Amino acid sequence: MTQGRIIHARIAPCTPSGAPLIERGFLSWRDGRITALGPMSEIAQDPNRGPFAEIDAGGALVTPGLIDCHTHLVHAGNRAREFEQRLEGASYEQIARAGGGIVATVAATRSASETELLAASRPRLAALLADGVTTVEIKSGYGLDLATEARQLRVARRLAAELNVGVRTTFLGAHALPPEFAGRPDDYIDFVCAQVLPAIAIEGLADAVDAFCEGIGFTPQQTRRVFAAARALGLPVKLHADQLSDLGGAGLAAEFGALSADHIEYASEASVAAMARAGTVAVLLPGAFYFLRETRLPPLGALRRHRVPIAIATDCNPGSSPCTSLLLMLNMACTLFRMTPSEALAGVTRNAALALGIGATHGTLAPGMQADIAIWDAESPAELSYAFGGRRLRQRISAGRPI
C-alpha cells in the first residue's frame with residue numbers, strides 16, 4: 001500500500017526551527033513521502049483519503065528514523081586481544097605501530113569473500129535497525145587495495161537491499177598504510193588517487209570520500225591530495241580529524257567544504273570557526289571516546305558558540321568502538337560530553353542527515369520529507385537518551401514501508 005497514517009501519537013518533528021512536541025497528533029505519507037502532520041483536531045485536513053495502512057500509536061512517541069552517520073560496519077574478524085592489551089597498559093598508537101590496529105582488520109577483511117563479509121556484517125546492521133535506525137553510513141577502509149575496498153562497498157549496497165535500510169557509502173582508502181607500502185606513504189597516496197579512487201567512482205560505489213588525518217594515519221598534505229582527487233571526481237568529502245592530536249584536520253575539512261569532520265577532540269577554536277563558515281557538521285563519537293578511555297573532551301563550548309551542527313554516531317568498528325547501539329550513544333553523548341537530550345536527538349536525526357548530505361530529504365518529520373519514522377515505547381524524547389540497555393523501538397517505517 002502506498003499510503004499510510006499514524007494516529008494518536010506524540011510527535012517530535014526534530015525540525016531546525018525547534019517545532020514543539022505534538023502531544024496528540026497524526027502523520028500521513030504517500031509514495032514514501034510525508035504528506036501531512038499535525039494535531040488530531042486537524043486530521044480532516046489530511047490530503048490523503050486512503051485506503052490507509054493506519055497505525056494507532058496509542059500515545060507512543062514518534063520521531064524521525066534515526067541516522068547513524070559514521071560506521072565501519074563491513075569488516076571481518078575482531079580485535080578483542082587488543083582490548084586486553086590496552087587494559088594491560090598499551091596505548092592505541094603503540095598497538096597500531098606494532099602491526100595491530102587497522103592493519104590487523106585489513107588482513108582479516110582481505111581474506112574474506114563477499115559472501116563471508118555479508119554474513120559477518122548483517123547481524124551488526126540488524127542490531128542498529130532494532131534501535132530505530134533507518135539510514136546508515138558504511139565506510140570501506142579495511143581493504144587498502146582496489147579489490148577489497150570495492151568488495152566492502154558492494155556488500156554495503158547489498159545490505160541496503162536485503163534489510164530495507166538507506167545506506168550511504170564512503171570510500172576510506174586513506175585509512176592506514178598497507179604492509180606492501182610500508183615506509184612509502186606518498187606512493188600509497190599516489191596509488192589511491194590515481195588508481196583506486198577513480199575505479200571506485202566509475203563503478204558508482206561511493207557517495208563520499210573520507211581519510212584518516214592523524215599522526216598514525218596520514219598528514220594534512222597527503223589528505224589534501226586525496227580531497228583534491230575526490231573533488232575532481234565530483235565526490236564530497238568528510239574527515240577523521242583531530243582525534244588524537246591537533247593537526248588542523250577540522251580546518252582542512254572546512255577548507256574543502258567537507259560534509260563533516262569527525263571525532264575532533266583536539267580541534268582548535270579556529271578550526272571550529274572554519275567549520276561554521278563552511279557548513280561542516282561536527283560528528284562526535286562517544287563510543288570510541290569511552291572504549292579508548294580518552295580524557296580530552298570534544299570542544300562542545302566552541303561548537304555551540306559557533307553554532308556548528310553536532311551529529312552523534314556509533315563509529316561501529318572492531319578496534320575502537322565495537323558498538324551496534326545508537327541509543328547507547330545518545331546516553332553517552334549526554335553523560336560523557338554533557339550534551340542535552342534534545343541536542344543528542346538532533347544529532348541522530350537532522351544533523352546526522354546533514355553530515356551525509358541528505359538533509360533536504362531526511363532527518364525531520366515535515367511534509368515532503370522521506371517517510372523514515374520510528375515509533376517508540378516512550379512518552380518523551382528525553383527517554384531515548386535517559387535509558388541504556390533494552391529495546392524501546394516499537395516499529396520502524398522506512399520510506400513509508402512499515403517493517
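**Salt bridges in this predicted model**

Q: How many salt bridges does the count come to?
A: This is a predicted model, where local features need pLDDT of at least 70, side-chain atom pairs count only at pLDDT 80 or more, and totals for chains, interfaces and linings use all residues. Residues are numbered from 1 along each chain as its sequence is written, and side-chain values use heavy atoms, leaving out hydrogens and water. A salt bridge here is a side-chain nitrogen of Lys or Arg within 4 Å of a carboxyl oxygen of Asp or Glu. By this rule, the count is 23.

Q: Are Arg79 and Glu82 buried or exposed?
A: Their side chains meet in a salt bridge, at 2.9 Å from N to O. Buried means under 20% relative accessible area, exposed over 50%, and partly exposed in between (1.4 Å probe, protein chains only). Arg79 has a relative accessible area of 7%, and Glu82 also has 7%, so both are buried.

Q: Which helix holds Glu114, the salt-bridge partner of Arg158?
A: The closest N and O atoms of Arg158 and Glu114 are 3.2 Å apart. Helices (H or I, at least four residues) and strands (E, at least two) are DSSP runs, numbered from the N terminus. Arg158 lies in helix H5 (residues 146-163), 44 residues from Glu114, which is in helix H4 (residues 114-129).

Q: Where does Glu203, the partner of Arg154, lie?
A: Arg154 and Glu203 form a salt bridge at 2.8 Å, N to O. Arg154 is in helix H5, and 49 residues away Glu203 sits in the loop between helix H6 (185-202) and strand S9 (208-213).
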